[in-house]
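Please look over the sequence and the structure shown below before reading on.

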Amino acid sequence: MKILVPVKRVVDFNVKIRVKPDGSGVDLQNVKMSMNPFDEIAVEEALRLKEAGKAEEVVVVSIGPAKAEETLRTALAMGADRAILVETDDAVEPLAIAKILKGIVEAESPGLVILGKQAIDDDSNQTGQMLAALLGWGQGTFASKVELADGQVAVTREIDGGLQTVSVRLPAVITTDLRLNEPRYASLPNIMKAKKKPLEKTTPADFGVAIAARLRILKTEEPVRRIAGVKVGSVAELVDKLKTEAGVL
Ligand code: AMP
């Protein structure tokens with residue numbers, strides 16, 4: 001079985017985001033970019049399934065600027081076999097991403113697509129669900145455990161107040177949650193080897209997908225600054241402040 005893992009290049013999770021002065025979006029100039037953390041977890045899960053003898057090939061795909069090749073090389077250095085870069089200049093919305101991924105699925109026929117549950121830049125949490133719908137496949141989202149057996153995949157999902165396990169017939173779409181696994185670091189020899197692994201370049205037009213935006217961003221704002229906390233000297237003082245200042249008692 002082949003596993004397809006879509007990986008997105010996003011602003012590194014350690015970077016403090018700067019909003020552009022005109023509020024039109026986030027400033028990406030000279031900002032460190034990395035693989036979306038949930039996608040690292042997806043790559044790791046695919047590699048573990050391959051290492052357990054349940055898959056033969058792990059193919060990673062990214063839709064984005066030419067620099068997304070770096071993100072794909074990171075996935076190849078972790079252990080993925082092959083990469084596909086769908087090059088675009090503009091940011092692409094989840095529906096168009098899902099349509100492009102559908103085209104790749106039709107060309108590659110994977111048994112499983114493992115995506116992140118969300119990309120940390122737009123927090124859309126839509127692509128996996130849309131892809132499953134477009135393909136007419138079952139989906140197990142927010143996976144914290146994945147078990148493959150007999151043409152089925154059991155996905156344990158993190159839901160409010162507990163865990164739910166669903167059984168999905170293959171081929172299927174899975175999206176990863178934070179606790180599924182801890183992604184490996186790529187070793188230096190593997191980083192060197194990844195430079196020689198195959199990377200195919202395509203465009204959205206090759207899949208007949210129009211990527212024009214359907215949404216218009218009206219405004220982007222920084223969150224309101226939190227005011228500093230205070231230390232209280234006693235429980236009595238705390239109760240007094242809660243009553244008289246915070247007004248919550
Ligand atoms: P989203 O629906 O945008 O929150 O993204 C959910 C998941 O879809 C991500 O974790 C990736 O696995 C995948 N994805 C979204 N955008 C892209 C992209 N441009 N290239 C590759 N994969 C993507």
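Predicted model: local features only at pLDDT ≥ 70, side-chain atom pairs only at ≥ 80, totals over all residues.

How many cavities of 30 Å³ or more does the structure hold? The structure holds one, where a cavity is a set of points, on a 1 Å grid over the protein atoms alone, at which a 1.4 Å probe fits but cannot get out. Rolling a probe the size of a water molecule over the atoms shows where empty space is left. The volume of the largest cavity is about 30 Å³, a volume being the space filled by probe spheres set on the points, with grid points joined across faces, edges and corners. Its lining, meaning residues with an atom within 4 Å of a point, consists of Val 11, Val 15, Lys 16, Ile 17, Arg 18, Val 26, Asp 27 and Val 31.

Residues are numbered from 1 along each chain as its sequence is written, and side-chain values use heavy atoms, with hydrogens and water left out.

Taken as a whole, the chain has six helices and eleven strands; these are DSSP runs numbered from the N terminus, with helices (H or I) of at least four residues and strands (E) of at least two. Along the principal axes, the C-alpha atoms fill a box of roughly 65 × 45 × 40 Å. Of the 249 residues, 41% count as buried, where buried means under 20% relative accessible area, exposed means over 50%, and partly exposed lies in between (1.4 Å probe, protein chains only). The accessible surface comes to about 14,500 Å², and carbon and sulfur atoms hold 52% of this surface; such areas come from the Shrake-Rupley method with a 1.4 Å probe, and for residues only the protein chains shown count as cover. Among the contacts in the chain with a separation of 6 or more, 70% are between residues 24 or more positions apart, a contact meaning heavy atoms within 4.5 Å.

Open space can be followed in the second largest pocket, which holds about 530 Å³. Of the 24 residues that line this pocket, Phe 13, Glu 40, Pro 183, Arg 184 and Tyr 185 are the closest to its centre. A pocket, in this sense, is an open set of points with protein on both sides within 12 Å along at least five of seven lines. At least two lining residues are supplied by each of strand E2 (9-11), strand E3 (33-35), helix H1 (37-51) and helix H2 (68-78), and the largest share, four residues, comes from H2.

Most residues other than glycine have a negative phi, and most peptide bonds are trans. Leu 170 and Pro 171, however, are joined by a cis peptide bond with omega about -5°, and Pro 171 is placed in the loop between strand E9 (162-169) and strand E10 (172-176). Phe 142, in strand E7 (residues 138-149), has a positive phi near 55°. Asp 150 also has a positive phi, near 50°, and lies in the loop between E7 and strand E8 (152-159); with a relative accessible area of 75%, Asp 150 is exposed.

Is Val 7 buried or exposed? Val 7, in the loop between strand E1 (2-6) and E2, counts as buried because its relative accessible area is 3%. The C-alpha atoms of Val 7 and Val 60 are separated by 6.7 Å, although the two residues are 53 residues apart along the chain. Leaving aside neighbours within four places in sequence, the contacts of Val 7 include Met 35, Asp 39, Val 43 and Leu 72.

Ala 154 lies in strand E8 and, at 22% relative accessibility, is partly exposed. Its C-alpha atom is separated by 5.7 Å from that of Val 166, twelve residues apart along the chain, and Val 166 is among the residues that Ala 154 touches, as are Lys 145 and Ser 167.

Pro 204, finally, lies in the loop between strand E11 (199-202) and helix H6 (235-246), and counts as buried at 7% relative accessibility.
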